[in-house]
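Here's a quick briefing to read next to the viewer.

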Amino acid sequence: MLGPEALEALRGCAHIIHAGDIDGAAILDALREIAPVTAVRGNNDRVEAKRLDAVIAGHSHKPVFHLEDGVLYVNPGSAGPRRFKLPISLGFLHVAGSAVRAELRTLS
């Protein structure tokens, strides 16, 4: 639940980014009345009949992408200092209409 003090504090923002654990579409609707919203799903959020095309995560720093049940899972790795023995890499997500594909680029 989003308290009225939070809504008031956000008034005047040009864009709102919600970092997950949204607790329902009504929260996003209330935020959209203030400004455009970009949101990610948190571990407590549930899919509300919307189809996901891609899931992007990066916590492990291990570059990988795979397709599972029509959903593209992407971890671009890390473009910063080398982590463990993993390559330095980054990823590109190419979107053309409803088609989504990932490209992994190893830098070293």
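In which sense do strand 3 and strand 5 pair, and over how many bridges? Strand 3 and strand 5 (residues 71-75) run parallel, paired over three bridges; two strands pair if DSSP finds at least two bridges between them. Strands here are DSSP E runs of at least two residues and helices are H or I runs of at least four, numbered from the N terminus.

This is a predicted model: local features need pLDDT of at least 70, side-chain atom pairs count only at pLDDT 80 or more, and totals for chains, interfaces and linings use all residues. Residues are numbered from 1 along each chain as its sequence is written, and side-chain values use heavy atoms, with hydrogens and water left out.

- Three strands make an open sheet of mixed pairing, in the order 3-5-4.
- Strand 3 (54-56) and strand 4 (64-68) sit at the edges with a single partner strand each, so one side of each has no neighbour in the sheet.
- Ala54 stands opposite Leu72 in strand 5.

**The core**
- The largest nonpolar core has nine residues, among them Leu7, Ile16, Leu28 and Val37; such a core is a set of buried (under 20% relative accessible area, 1.4 Å probe, protein chains only) Ala, Val, Leu, Ile, Met, Phe, Trp, Tyr and Cys residues joined through side-chain atoms within 4.5 Å.
- Helix 2 (residues 25-32) gives the largest share of this core, three residues.

**The whole chain**
- The protein chain has two helices and seven strands, in the pattern α-β-α-β-β-β-β-β-β.
- Of its 108 residues, 23% count as buried.
- The C-alpha trace spans about 50 × 30 × 25 Å along its principal axes.

Technical notes: Buried means under 20% relative accessible area, exposed over 50%, partly exposed in between (1.4 Å probe, protein chains only).
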